[in-house]
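Reader: I am new to reading protein structures. Could we walk through one together, step by step?

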Amino acid sequence: MSIIEEAVRKTAERHQRPASPEHPGNRPRLRRVPPPAVDAASVRRFQPVTLERAVLEENHILPHITDPGALRAYKILRTRMLRRLEANQWYSFAVTGATAGEGKTLTSINLAMALAQDSNTWVFLVDLDLQRPKVADYIGLNKSLGERGLTDFLLGDATFEQIIYSPGGIERLAVIPNFQAVANASELLTSPRMDELVRALEAEAPRRIVIFDMPPVLASDDVLAFAPQVDGMLLVVAEGITSRDALRGAKELLQEMNLLGVVLNRSEAQEEAAYYSYAR
Ligand SMILES: Nc1ncnc2c1ncn2[C@@H]1O[C@H](COP(=O)(O)OP(=O)(O)O)[C@@H](O)[C@H]1O
Ligand SMILES: [Mg+2]
């Protein structure tokens, strides 16, 4: 069994395990009743923005994915994430991995889109890879229009409302992009301004789920610095990209955090989800 398969299996086991003092964050579901429906009128709307369709198509972003295996896999991932968040009464999670290029940003965006397609789920997608912000590029959110993003907020040059965008046609999604890379990311991530942002996002819970697209855990201390601000972690690993040693290192660093799941990206396995599969 490969180390990736083992990580996927262990995550699945962890979620089936009964609550214990050693694993307080992974309690079994206590209630089967669905959460109360969100009153759409009570959810805030933000600056409208149009995403470039050609860019979405080119980058394989929902709803412009035609591959049935990928579509099915994102739906499965959405359902499982919703179930785990609800079971724990959690509202926020960070998407991370071991190294660059595993598909963290693509997974964050498509999961956010898939969740927002659910009629009762409202989502914030935050580009929190401060050193390599990519979300705006992937979804065709054009910076030439002079939009402001997360770094502008963190540096005190923009307000909360000025950095949030509501893409047309995806009513329940709000995006906080970033257009300006910074070197001193972990200092900004633990700054009072970041706290302010997290509090402002929290004020929208439980109406909104917050997804933070983050850098890999092994590349910097950004994820560790920000971890106390999120309810859980979603780990993306990629067949052929994530090495055994890197995954072992990432698992070690993530040990103290609530692991919501492991996404196996770029899998060669021709099973129910050809491109993407998820811990069962
Ligand atoms: N399953 C996949 N199939 C094909 N291309 C993928 C897949 N996952 C990611 N990619 C591509 O790989 C590149 C890196 O993905 P990205 O999401 O930016 O990785 P990360 O955020 O982990 O660095 C992007 O060009 C993305 O479109
Ligand atoms: Mg990324």
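Author: Gladly! Keep in mind that this is a predicted model. Let us begin with Leu-150, which has its place in helix α6.

Reader: Is Leu-150 buried or exposed?

Author: The relative accessible area of Leu-150 comes to 0%. Buried means under 20%, so Leu-150 counts as buried.

Reader: How far apart in space are Leu-150 and Gln-180?

Author: Along the sequence, 30 residues separate Leu-150 and Gln-180. In space we go from C-alpha to C-alpha, and that distance is 8.2 Å.

Reader: Now helix α3, please. What span should its 21 residues have, and what is the distance between its end C-alpha atoms?

Author: Helix α3 covers residues 68-88, and the rule is 1.5 Å a residue. The expected span takes one less than the number of residues, so helix α3 should span 30 Å. That agrees with the distance between the end C-alpha atoms, which is 31 Å.

Reader: What phi does the residue just after α3 take?

Author: Just after α3 comes Gln-89, placed in the loop between α3 and β2 (92-97). Most residues other than glycine have a negative phi. Gln-89 is a residue other than glycine, yet its phi is positive, near 55°.

Reader: Which two residues does a cis peptide bond join?

Author: Most peptide bonds are trans. Here, omega is about 0° at a cis bond, and its proline, Pro-63, is in the loop between α2 (53-58) and α3. The joined residues are Leu-62 and Pro-63.

Reader: How many aromatic pairs are there in the whole structure?

Author: A pair of aromatic rings is described by the distance of the centres and the angle of the planes. Searching the whole structure for such pairs gives a total of three.

Reader: What kind of pair do Phe-46 and Phe-160 make?

Author: The ring centres of Phe-46 and Phe-160 are 6.5 Å apart, with planes at 85°. The pair links distant parts of the chain, 114 residues apart. Phe-46 is buried at 10% relative accessible area, and Phe-160 is buried at 8%. Planes over 60 degrees apart count as edge-to-face, so this pair is edge-to-face.

Reader: How far apart in sequence are the parts tied together by Phe-212 and Phe-226?

Author: The rings of Phe-212 and Phe-226 have centres 4.9 Å apart and planes at 70°, so they too form an edge-to-face pair. Phe-212 is buried at 2% relative accessible area, and Phe-226 is buried at 0%. Phe-212 lies in strand β6 and Phe-226 in helix α9, so the pair ties together parts whose separation in sequence is 14 residues.

Reader: Which residue has a side-chain N or O atom 2.5 Å from an oxygen atom of ligand 1?

Author: Ligand 1 is surrounded by 11 residues, and Gly-101 and Tyr-138 are among the closest. Gly-101 uses a polar backbone atom, 2.8 Å from a ligand oxygen, and Leu-106 has a backbone N or O atom 2.9 Å from one. The side-chain contact at 2.5 Å belongs to Tyr-138.

Reader: Which helix gives the most to the shell around ligand 1?

Author: The shell divides into four nonpolar, four polar and three charged residues. The helix that gives the most to it contributes three residues, and that is α4 (residues 104-117).

Key: Residues numbered from 1 in each chain as written. Chains lettered and ligands numbered in written order. Predicted model: local features only at pLDDT ≥ 70, side-chain atom pairs only at ≥ 80, totals over all residues. Heavy atoms only, no water. Helix = DSSP H or I, 4+ residues; strand = E, 2+ residues; numbered from the N terminus. Near = heavy atom within 4 Å. Polar contact = N/O pair within 3.5 Å; in protein donor to acceptor, adjacent residues only side chain to side chain. Nonpolar A, V, L, I, M, F, W, Y, C, P; charged D, E, K, R; others polar. Phe/Tyr/Trp six-rings, centres within 6.5 Å; stacked < 30°, edge-to-face > 60°. Buried < 20%, exposed > 50% of the residue type's maximum accessible area, 1.4 Å probe, protein only.
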